[in-house]
Amino acid sequence: MIQYLPLCLIVSDIMQNNKLDVIVFAITTRCNLKCSFCSRNAGQNNLQDLPLETINNVLIDIMELKPKIIGLTGGETLLYPHLFELLNVLTNYELDIRLSTNATLLTDQTIKSLIEHKVKQINTSLDGHNSILHDSIRRVNGSFNKTIEALRGLKENNMPFFIKTTATKTNCSYLPDIMDLAIKLGAMGYAVSRTIPLGRASLDPQKYFLDWNEYKKSCQLCIKKSEEYGVPFYIDDPLKSQINTNLIDYAKKKYGSLDNVFGGCMAGINILYVLSNGNIISCPALDLPIGNVNKDSIKTLWQESEILLKLRDRENLKGACSECKYKFICGGCRAMAYCTTGDYLEEDPFCPFVNFRNVKLVKENRHNLCETGC
């Protein structure tokens with residue numbers, strides 16, 4: 001039987017022995033696409049790069065924390081001017097390197113170079129099962145065909161790749177169809193996350209607020225496909241236990257009580273992100289800096305940041321999340337809470353136990369959009 005995640009950690013481990021397993025660098029805001037939901041407002045006119053020297057200094061700082069995985073994301077990582085210099089540096093560390101890309105710029109030679117530089121996995125996105133849907137979201141004609149061609153190239157070169165879809169009102173009902181395509185292309189797994197009203201998505205947030213029942217139905221159909229084809233399916237959403245109730249049964253059986261587990265929102269629990277401007281955040285969608293690598297030590301912040309310490313203690317949650325019996329296995333999406341209320345500890349308005357219609361979006365776009373809408 002497919003296990004959709006190692007879902008839970010023991011609460012005491014979070015409170016006493018939390019470990020930084022994953023560090024992700026958003027190395028650039030350059031991008032050749034114009035995705036309508038981009039949280040970073042990446043584009044051709046947004047040219048901020050994280051200096052190579054800064055990344056190396058961060059790696060030296062965090063090695064004592066013994067991370068296992070290093071992720072590279074953007075923007076579009078293949079547009080980072082020093083990508084292969086960076087990969088040369090990373091080969092000095094015993095880390096599992098995973099690179100995220102929209103894949104439209106991947107050539108056979110680039111794939112071979114990434115393999116030579118010990119990249120272990122490519123993460124990419126499909127937001128539609130055909131060019132009409134995908135390109136309308138990515139806002140560049142031809143992007144779907146280029147991505148599909150690149151994914152076939154990854155398969156031919158035996159480079160493992162993972163496909164993820166960001167669910168919107170436009171594509172939510174097509175998630176099972178996109179998963180079918182991912183399986184056909186040879187993806188090692190498929191994942192779904194919901195759109196958070198941040199960056200470009202904050203300009204028209206109602207466009208991205210999903211219907212809970214449609215979202216749940218589509219994800220449950222994907223679960224069935226996962227079981228049928230033996231391809232892992234991940235719901236990258238704290239509310240996953242309300243969609244796949246087997247996770248609740250699994251946690252109760254293994255840990256005895258839902259009060260003894262820690263799952264759902266993992267912001268600041270075992271992962272951190274470094275943005276191209278040096279800001280350190282606990283989740284790519286929770287745009288609340290805990291510091292900046294140009295002046296702060298991640299090693300110190302990991303142990304002492306007030307924001308991280310509050311995120312790790314679910315007793316700090318407010319609103320409906322504070323009283324919910326699922327707060328330890330779920331905890332609600334802290335990014336959604338922050339974007340809609342201005343308080344990262346407030347309730348998650350998308351939760352089916354919360355009246356979503358009464359929540360007013362008060363957080364405005366938190367990035368400077370270029371005048372061209374890049």
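This note goes through a predicted model point by point, from its confidence to its sheet, helices and cavities.

1. **Basis of the model.** This is a predicted model in which local features need pLDDT of at least 70 and side-chain atom pairs count only at pLDDT 80 or more, while totals for chains, interfaces and linings use all residues. Residues are numbered from 1 along each chain as its sequence is written, and side-chain values use heavy atoms, with hydrogens and water left out.

2. **Confidence.** The pLDDT is the predictor's confidence in each residue, on a scale from 0 to 100. Its mean over the chain is 90, and 90% of the residues reach 70 or more. Over residues 1–7 the pLDDT is below 50, and this stretch has 23 contacts in the model beyond near neighbours in sequence, a contact being heavy atoms within 4.5 Å. Over residues 357–374 the pLDDT is also below 50, and there the model has 45 contacts beyond near neighbours in sequence.

3. **The sheet.** Helices (H or I, at least four residues) and strands (E, at least two) are DSSP runs, numbered from the N terminus, and two strands pair if DSSP finds at least two bridges between them. On that basis there is an open sheet of 10 strands with mixed pairing, in the order β8-β7-β6-β5-β4-β3-β2-β10-β11-β12. Its edge strands are β8 (233–235) and β12 (291–292), each of which pairs on one side only.

4. **Strand β2.** Buried means under 20% relative accessible area, exposed means over 50%, and partly exposed lies in between (1.4 Å probe, protein chains only). In strand β2 (residues 22–26), 5 of its 5 residues are buried. Both faces are covered, with Val22, Val24 and Ala26 buried on one side and Ile23 and Phe25 buried on the other. Strand β2 pairs in the parallel sense with strand β3 (residues 69–73) over 5 bridges, and the bridge partner of Phe25 in β3 is Leu72.

5. **Strand β6 and its partners.** Strand β6 is mostly covered, since 6 of its 7 residues are buried. On pairing, strand β5 (residues 119–125) and β6 run in the parallel sense over 4 bridges, with Lys164 in β6 as the bridge partner of Ser125. Strands β6 and β7 also pair in the parallel sense, over 5 bridges, and here Ile163 stands opposite Tyr190 in β7. Tyr190 in turn stands opposite Phe233 in β8, and 3 bridges join β7 to β8, which run parallel.

6. **Ala167 and Ser193.** Ala167 has its place in strand β6 and is buried, with a relative accessible area of 0%. Leaving aside neighbours within four places in sequence, its contacts include Leu175, Val192, Ser193 and Tyr215. Ser193 is found in strand β7 (residues 190–194), and at 10% relative accessibility Ser193 counts as buried.

7. **Helix α7.** Why can helix α7 (residues 175–185) be called largely enclosed by the rest of the structure? The reason is that 8 of its 11 residues are buried, and these are Leu175, Pro176, Ile178, Met179, Leu181, Ala182, Ile183 and Leu185. What covers them includes α6 (143–156), β6 (161–167), β7, α8 (212–229) and β8. The helix is followed by Gly186, whose phi is positive, near 100 degrees.

8. **His134.** His134 lies in helix α5 (residues 131–138) and is buried, with a relative accessible area of 1%. Leaving aside neighbours within four places in sequence, the contacts of His134 are Ser125, Leu126, Asp127, Gly128, Ser143, Phe144 and Thr147.

9. **Cavities.** The structure holds 3 cavities of 30 Å³ or more, a cavity being a set of points, on a 1 Å grid over the protein atoms alone, where a 1.4 Å probe fits but cannot get out. Grid points are joined across faces, edges and corners, and a volume is the space filled by probe spheres set on the points. The largest cavity has a volume of about 70 Å³, and the residues that line it, having an atom within 4 Å of a point, include Cys265, Lys310, Asp313, Arg314, Gly331 and Arg334. The lining divides into 6 nonpolar, 1 polar and 4 charged residues, where Ala, Val, Leu, Ile, Met, Phe, Trp, Tyr, Cys and Pro count as nonpolar, Asp, Glu, Lys and Arg as charged, and the others, Gly among them, as polar.

Notes: 1 Å grid on protein atoms, 1.4 Å probe; cavity = no way out; pocket = protein on both sides within 12 Å on 5 of 7 lines; lining within 4 Å.
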